[in-house]
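Welcome! Take a moment with the sequence and the picture, then read on.

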Amino acid sequence: MAHISAGVATSHVPLLGRAVDTRDTQSEYFKPIFDGYEFSKKWVAEEKPDVVFLVYNDHATAFSLDLIPTFAIGTGEKFKPADEGFGPRPVPDVMGSPDLAWHIAQSVIQQDFDLTIVNEMDVDHGLTVPLSMLFGQVEAWPCQVIPFAVNVVQFPPPSGQRCYNIGKAIRRAVESFDADINVQIWGTGGMSHQLQGPRAGLINQAWDNQFMDDLITRPETAARIDHVEYLRETGSEGIEMVMWLVMRGALSEQVNVRHRHYHVPCSNTAIGHLILENSA
Ligand code: DHB
Ligand code: FE
């Protein structure tokens, strides 16, 4: 049977994609950020996941106010990097995993979660930047990817608790797929950030680090954080952190922390990164 071996959490700041694409990762500004991914690049190369189930949010790129799915699963064969205003990033197409994605859709919907099934969409920085952070500049991504988009752009977003619960449903779905494959789940976005308005640039390092502590050892506590607390403490875009809870829900109760990284600033935000493995 398929299994989920590990979870990765990472911010998906678009500026980092630009740094990779222009080979600027070793400049004074970016080096401390990318240094925090050196371990991760070696780790993922050794782990060789067959499929990454990648939880991210679309930033009004593939979706718009015309259509706002709360949870959307990419069941297509292939997803192209989106044009977010400056042309598509020079990164490979993302190869999907249709059989597993359809199986997860069937299982998770039968577990009473509503998913939107998406056969065709372009994927924005929310999905491609994490791939660049872990795999670097490559001709082809080394594994298949199932995009899983969560609405955190237009109110109302799903609660952290619902995201945590859907992670558990995703784990059950993967573990009932009849193929001996290694699946990782990645939760992206965060950490504290507000990109607009009078509080633009808000960063709350103490809160971010407490969130990471809770996510690791007390995920039920982290799952209970409500929208107003994310907004108040971490800025309007800090709500992206609910996507880390999808990842955490798909792991075992106890996890081993293989890697932890936190850095301020990156663009207007704090970046955070975790690698968690299921404890035996
Ligand atoms: C920025 C955009 C994001 O989607 C994000 O998660 C963090 C930062 C930005 O535009 O800087
Ligand atoms: Fe984002």
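**The metal site**

In this predicted model, the iron ion (ligand 2) is coordinated by His12 (NE2), His59 (NE2) and Glu240 (OE), at 2.1 to 2.2 Å. Donors here are N, O and S atoms within 2.8 Å of the metal (3.2 Å for Na, K and Ca), and water is not among the atoms, so sites may look incomplete.

- Along the chain, the donors of the iron ion (ligand 2) follow the spacing H-x46-H-x180-E.
- Helices (H or I, at least four residues) and strands (E, at least two) are DSSP runs, numbered from the N terminus.

**Around ligand 1**

- Oxygen atoms of ligand 1 make polar contacts (pairs of N or O atoms within 3.5 Å) with side chains: 2.7 Å for His59, 2.8 Å for Glu240 and 2.6 Å for Ser267.
- Taken alone, ligand 1 exposes 290 Å², and the protein buries 86% of that; the areas come from the Shrake-Rupley method with a 1.4 Å probe.

- Most residues other than glycine have a negative phi, and most peptide bonds are trans.
- The peptide bond from Phe155 to Pro156 is cis, with omega near 0 degrees, and Pro156 is found in the loop between β7 (144-150) and α6 (160-175).
- Gly190 and Met191 are also joined by a cis peptide bond, with omega about -10 degrees; Met191 lies in the loop between β8 (182-188) and α7 (205-217).
- Ala60 is not a glycine, yet has a positive phi of about 55 degrees, and belongs to the loop between β2 (51-56) and β3 (71-74).

**How to read the numbers**

- Residues are numbered from 1 along each chain as its sequence is written, while chains are lettered from A and ligands numbered from 1 in the order in which they are written.
- Local features need pLDDT of at least 70, side-chain atom pairs count only at pLDDT 80 or more, and totals for chains, interfaces and linings use all residues, while side-chain values use heavy atoms, with hydrogens and water left out.

Definitions and conventions: A polar contact is a pair of N or O atoms within 3.5 Å; within protein, one must be able to donate a hydrogen and the other to accept it, and residues adjacent in sequence count only if both atoms are side-chain atoms.
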